Amino acid sequence: MDPRSRDEQFMRRALDLAPGGLGRVEPNPIVGAVVVWGDRVVGEGFHARFGGPHAEVVALAQAGTEARGAELFVTLEPCCHHGKTPPCTDAILAAGVRRVVAAVGDPFPEVRGRGFAILKQAGLEVEVGVLETEARRLNAAYFKRQATGLPLVIAKWAMTLDGRLATASGESRWISSEAARRRVHELRRIVDAVLVGARTARIDEPRLTVRHVEPLAERGQPARVILDAALSLEPDREPVRSAAEVPVLIYTTDDGQRNEAERAAALRRAGAVLVTAPKAPGGVSPEAVLRDLGARGMSRVLVEGGARILGSFFSAGLVDRVLVFVSPRILGSAGALSPVGGPDGLTLAEAVAVQDATFSQAGPDLVIEGRVGEF
């Protein structure tokens, strides 16, 4: 086996380990590490919880004395600063590792190449860039927040085979199957917030919580985020009704709060947090909402529609990933809603391209996942 293929083999194992911390370590990155002596794995691990030992420390501890003279494969540049835990570079040097292979550098300002520099200065061989693209995709939420301050945005919807989100009357329960809904709840348990518009909240009264699977103990329920420029939500209806148990953030405008002062007070008494955001065509600015959510430490936001909200996020170029469930049913209604609203007159050349698309099945439904844009 040539050296590059060998490095990729062990890095793939590290990449496979890293998602063990998904939903448990954010806003930190998910990281996997493998310690190799010759061609034998002698230690491996991943960053399992926020504030807990990093992947390198776990793998080195498992390797024990066999780490001396071994190679360490890690999906992200080892940290070199005191945070919740001591620097991983200290642990690597103490273990006597001779070579470190990293997939990608860490953009965090207190690391950003310093981890590699410390290891090189100590005489270790350092290789960077093995399966870098895969490592960046794996930690897209972390890289996006470091680059932009915004959380990763996942747009999700369910539609019929003829592309309808709901009937002409607005009925949408349930287009997707129970298996598909379980898949959505598995995603909800690793995101920081689930976002909908006021119309969806008023009509459907969605709970927007994790139900079909157990929430992660370290994370609990995601925050519920509602964009409501005119402040039309009722405090005694879901999701606001349960705001005392699960957080609800309502993004509205100055006009909305001024014109609906009594309602605003009632929503606050119910436990909702009202956040003023700038106006945008048709509502509040989705970019301003994301910037505030990022400032609150959120890494992933699941946007669940409906058509106007999805359209506003796509039109603003704010969507990073899509998750689409296609039910094998044909509604055949000209007045039924399509999933993504937006301006007319666009050409096919202006259509949003979904990259790295994958296709799977959840019960009878086709599941399409893909990436939009850089992250």
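Leu131 sits in the loop that connects S5 and H5, where helices (H or I, at least four residues) and strands (E, at least two) are DSSP runs numbered from the N terminus. The phi angle of Leu131 is near 55 degrees, a positive value in a residue other than glycine. The model is a predicted one, in which local features need pLDDT of at least 70 and side-chain atom pairs count only at pLDDT 80 or more, while totals for chains, interfaces and linings use all residues. Residues are numbered from 1 along each chain as its sequence is written, and side-chain values use heavy atoms, with hydrogens and water left out.

About one helical turn separates Glu132 from Arg136, because they are 4 residues apart in helix H5. Over the whole structure, the search finds 29 salt bridges.

Strand S5 belongs to an open sheet of 5 strands with mixed pairing, in the order S2-S1-S3-S4-S5; two strands are taken to pair if DSSP finds at least two bridges between them. Strands S2 (40-46) and S5 (125-128) are at the edges, and each has a single partner strand, so one side of each is left without a neighbour in the sheet. On average, neighbouring strands of this sheet are turned by 15 degrees against each other, direction ignored. For such angles, axes are lines fitted to C-alpha atoms, for helices over the stretch in contact, and the values run from 0 to 180 degrees between N-to-C directions. Strand S1 (residues 32-37) and S2 are antiparallel and joined by 6 bridges, with Val35 standing opposite Gly43 in S2. Helix H2 (residues 55-63) lies across S1, S2 and strand S3 (71-74), and runs at about 140 degrees to S2. Helix H4 (residues 114-121) packs on the sheet and touches strand S4 (99-102) and S5, its direction making about 150 degrees with that of S5; contact here means heavy atoms within 4.5 Å.

A further open sheet has 9 strands, ordered S10-S9-S8-S7-S13-S6-S14-S16-S15, again with mixed pairing. Its edge strands are S10 (273-276) and S15, each of which pairs on one side only. From one strand to the next, the twist averages 20 degrees. Strands S7 (residues 193-197) and S13 (residues 300-303) pair in the parallel sense over 3 bridges, and Ala193 has Val301 in S13 as its bridge partner. Helix H7 packs on this sheet, touching S6, S7, S13, S14, S15 and S16, at about 130 degrees to the direction of S15. Helix H12 (residues 307-315) also packs on the sheet; it touches S6, S7, strand S8 (223-227), S13 and S14, and makes about 135 degrees with the direction of S6.

Two cis peptide bonds can be described. One joins Glu26 and Pro27, with omega about 15 degrees, and Pro27 is found in the loop between H1 and S1. Another joins Glu238 and Pro239, with omega about 5 degrees; Pro239 is placed in the loop between S8 and strand S9 (248-252).

On a 1 Å grid over the protein atoms alone, a cavity is a set of points where a 1.4 Å probe fits but cannot get out, whereas a pocket is an open set with protein on both sides within 12 Å along at least five of seven lines, and lining residues have an atom within 4 Å of a point. Grid points are joined across faces, edges and corners, and a volume is the space filled by probe spheres set on the points. The structure holds 1 cavity of 30 Å³ or more. The lining of the largest cavity includes Glu26 and Pro27, along with Asn139, Tyr142 and Arg300 among others.

The second largest pocket contains about 730 Å³ of space. Its lining has 27 residues, of which Arg137, Ile154, Leu187, Arg321 and Glu369 lie nearest its centre.

Conventions: A salt bridge is a side-chain nitrogen of Lys or Arg within 4 Å of a carboxyl oxygen of Asp or Glu.
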